[in-house]
Amino acid sequence: MALLEVKDLHARIEDEEILKGVDLSVKSGEIHAIMGPNGSGKSTLASVLAGREEFEVTRGTVSYQGEDLLEMEPDQRALAGIFLAFQYPVELPGVSMNNFLRQAVNEQREHRGEDPIGAADFLKLMREKAALVELDPQLMSRSVNAGFSGGEKKRNEIFQLAMLGPTLAILDETDSGLDIDALRTVADGVNQLRGNDRSFVIITHYQRLLDYIIPDVVHVMVDGRIVRSGDKQLAHELEDKGYDWIREEVAVA
Amino acid sequence: MSNTTQDRNLEKQFVTAFESNVGRTLNGTNTKLRTLRTKAIEQFEKMGFPARKDEAWKYTNIGDVLTHDFQVRALPPFMEIDAVDLEPFAIPGLDAHLVVLVNGRFSQRLSNLGDVPDGVIIESLESAGETHGDLLETYFGRYAHYDEEVFTALNTAFTVDGLFLYVPKGHALEKPVHVVNVQKVDEDLFLQPRNLFVFEENAQAKIVETSVLLGGGRTFTNAVSEVHVGERAVVDYYLLQDQGDEASLVTNTNVYQKGSSVFTAATVTLSGDVIRNNMNVLPDAAHCETHLYGLFLSSGTTHVDNHTHVDHAKPDCESNELYKGVLDDQSTGVFNGKVFVRQDAQRINAFQENKSILLTKEATMNSKPELEIYADDVKCSHGATTGQLDREALFYLRSRGLPANVARGMLLHAFAGDVIEKVRVEPLRRLLDKRVSNRFGW
């Protein structure tokens with residue numbers, strides 16, 4: 001059974017329909033890349049999976065670990081192991097990284113019936129995971145994302161991913177705006193977090209990230225639907241021929 | 001000007017109370033002060049309580065509160081209170097010169113002044129009338145203008161007691177002065193405490209003022225404080241208002257700053273019925289710094305109105321204001337911040353910010369920044385935002401597994417924390433942080 005099974009998913013924001021019948025099946029341990037031009041609905045799909053309230057699902061189903069994901073609150077989804085790395089991480093002035101992460105870690109532990117994490121263990125965990133993405137531990141005493149550089153914000157997302165250890169991680173254009181060194185750092189971090197019991201859905205506009213994180217499946221999304229799926233070669237083909245190639249093929253079909 | 005018969009009767013009540021007690025006054029033998037009081041009551045009679053159409057009281061219907069049957073006593077009753085009754089209201093860890101005012105009157109027994117350094121005066125305003133008549137004659141009524149503001153007029157007419165704090169030239173008080181305003185009444189009472197703070201050149205002090213209503217009835221407090229901040233003096237003034245919803249309050253704090261002085265105030269309101277704070281500052285020489293902060297967390301039908309008035313009369317000064325509010329239920333709030341920059345006051349930096357969060361559709365906030373600038377070389381800015389909690393921020397926290405109520409509490413605490421972190425008396429800062437945390441569940 002697939003970990004995530006999306007069937008005929010339609011969603012809109014206000015009066016605009018953005019997802020127009022998405023089908024997607026992700027098994028445990030797989031890495032799926034979703035590519036597509038601007039406005040194709042990639043980020044909307046990520047938002048709907050994570051439970052962003054602005055979007056209204058009008059048709060279709062999403063099952064996650066056999067449960068109806070659409071019935072779950074955003075925090076319940078997180079506790080069930082879904083993690084969204086934001087395209088635009090939110091600045092939270094006055095909320096310290098330390099307090100925020102400790103609370104998040106402890107919510108997970110409570111959900112699993114475990115005791116809250118001790119101060120020393122938490123510190124150790126934080127240092128270890130921050131090193132994965134070369135995030136300055138000094139940032140832990142600062143407010144969440146406030147005054148972070150663009151690269152720091154993106155690395156902070158992957159750092160949080162590492163801290164929370166999700167079953168399904170959705171990366172929403174984590175590569176956009178990153179220079180090549182930062183991109184490598186982020187990709188290395190993700191690669192170290194790969195495992196048989198962790199799946200990734202990587203949303204990206206460009207193929208470059210996929211040189212570093214090798215996907216099992218590549219999907220192309222156009223106009224609210226996944227129109228083609230293939231292996232990593234598809235990403236290269238797209239890079240060479242551009243999205244218009246797919247658009248034309250879809251139009252012909 | 002108010003004209004209704006009802007209001008007139010209300011005002012008559014004060015005049016009658018005044019007339020029946022003319023002899024029993026602050027330093028009753030001092031002609032100057034007595035004259036001041038007589039003029040003040042005349043002024044009060046002339047002005048009358050503010051009506052809704054008075055611009056300065058447009059959003060605060062003080063008449064509604066005043067028509068409640070508050071008793072006016074020229075001499076507020078001195079109720080018996082045990083020190084142990086006050087213990088729950090102590091600030092944990094605060095080592096301070098403790099001043100306890102009971103219904104506005106200095107309690108020698110409950111106060112614990114500790115070692116007061118030579119030359120520093122911490123005493124009853126009433127007795128200071130005799131022991132330090134010269135200082136009172138110099139400073140009393142100098143900054144609180146009875147002819148301009150009706151509550152100040154009324155307070156001046158009825159001044160009986162309060163705190164007189166004097167810090168001489170060059171002296172830095174190591175411990176803060178903690179003023180506890182205890183109210184205990186056996187009827188619904190109108191109270192009018194008066195404080196006079198004088199900080200001479202290069203003096204330093206921190207004042208923490210808290211209030212307690214021990215029950216027995218409702219109160220309406222009309223408090224006036226005058227603060228003289230001498231040249232190069234550094235003064236912090238923290239006001240914590242949390243007396244419960246039986247207490248209404250009008251405060252007038254009038255601050256006068258001499259050159260190169262630094263004055264910081266933070267007004268934190270956690271409960272109350274109707275509350276109006278007027279914070280008036282006159283930096284009257286170059287290189288003054290003025291920092292005014294405010295925070296209120298309102299619920300039920302509480303109404304909190306903060307008016308600030310910074311009158312930049314002289315050049316090269318800086319003023320900085322940050323007022324925040326979190327409004328729950330049907331509570332209402334007002335912020336009105338006036339900044340004047342007079343023609344000769346060049347190179348002024350004046351910043352003002354007012355931010356409010358409405359937790360319900362029924363809560364209302366009125367925010368009105370007013371800048372009047374007559375100088376041409378100044379940097380002034382103001383901003384006012386009122387809205388709900390940021391949805392995207394909430395979603396971010398929830399997407400990390402934090403339940404909605406925890407996410408909300410965390411964000412509200414952070415919002416309020418912006419003001420609380422300005423408090424430079426550590427035990428007070430901790431206490432405020434804890435109160436805010438208790439309120440928001442995080």
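Visitor: Which residue stands opposite Val274(B) in E16(B)?

Guide: His303(B) does. Before going on: this is a predicted model, where local features need pLDDT of at least 70, side-chain atom pairs count only at pLDDT 80 or more, and totals for chains, interfaces and linings use all residues. Residues are numbered from 1 along each chain as its sequence is written, while chains are lettered from A and ligands numbered from 1 in the order in which they are written.

Visitor: What makes E16(B) a partner of strand E14 of chain B?

Guide: Strands (E, at least two residues) and helices (H or I, at least four) are DSSP runs, numbered from the N terminus. Two strands pair if DSSP finds at least two bridges between them. E14 (residues 274–283) and E16 of chain B share eight bridges, in the parallel sense, so they pass that test. E16(B) also pairs with strand E18 (residues 332–341) of chain B, again in the parallel sense, over ten bridges. There, His312(B) has Val341(B) as its bridge partner.

Visitor: Why is E16(B) called largely enclosed?

Guide: A residue is buried if 20 or more other C-beta atoms, placed from the backbone, lie within 10 Å of its own; it is exposed if 12 or fewer do, and partly exposed in between. Strand E16 (residues 303–312) of chain B has seven buried residues out of ten, so the rest of the structure largely encloses it.

Visitor: And why is Arg424(B) called partly exposed?

Guide: Arg424(B) has 13 other C-beta atoms within 10 Å, so it is partly exposed. Arg424(B) sits in the loop between H9 and helix H10 (426–440) of chain B. Two residues are in contact if their C-beta atoms lie within 7 Å, and beyond its neighbours within four places in sequence, Arg424(B) touches Lys206(B) and Asp236(B) in that sense.

Visitor: What about Gly177(A): why is that one partly exposed?

Guide: Gly177(A) counts 14 other C-beta atoms within 10 Å, so the label is partly exposed. You'll find Gly177(A) in the loop between strand E9 (168–172) and helix H6 (180–193) of chain A. Gly151(A) is 26 residues away in sequence, yet the two C-alpha atoms are 7.7 Å apart.

Visitor: How do you know that H4(A) is close to its expected length?

Guide: The expected span is 1.5 Å times one less than the number of residues. Helix H4 (residues 119–132) of chain A has 14 residues and reaches 20 Å from its first C-alpha to its last, close to the 20 Å expected. H5(A) agrees with the rule as well: its 15 residues should span 21 Å, and its end C-alpha atoms are 22 Å apart.

Visitor: What puts the buried residues of H4(A) on the same side?

Guide: They are Met126(A), Lys129(A), Ala130(A) and Leu132(A). They cover an arc of only 135° around the axis, which puts them on the same side of H4(A); the arc is that of the directions from the helix axis to the C-beta atoms. The face turned away from the buried side carries exposed residues, including Ala120(A), Lys124(A) and Glu128(A). Among the elements covering the buried residues of H4(A) are helix H3 (97–111) and helix H5 (150–164) of chain A.

Visitor: Why is H5(A) described as largely enclosed?

Guide: Eleven of its 15 residues are buried, so the rest of the structure largely encloses H5(A). The buried ones include Ile158(A), Phe159(A) and Leu161(A). Just after H5(A), Gly165(A) takes a positive phi of about 50°.

Visitor: What counts as a nonpolar core, and which residues have the most contacts inside the largest one?

Guide: A core is a set of buried Ala, Val, Leu, Ile, Met, Phe, Trp, Tyr and Cys residues joined through C-beta atoms within 7 Å. The largest has 197 residues, and Ile170(A) and Tyr238(B) have the most contacts inside it. H9(B) provides the largest share of this core, nine residues.

Visitor: How many residues does each chain bring to the contact between them?

Guide: Chain B brings 18 residues and chain A brings 19. On the side of chain B that touches chain A, H9(B) gives the most, with eight residues. By class, that side of chain B has eleven nonpolar, three polar and four charged residues. Here Ala, Val, Leu, Ile, Met, Phe, Trp, Tyr, Cys and Pro count as nonpolar, Asp, Glu, Lys and Arg as charged, and the others, Gly among them, as polar.
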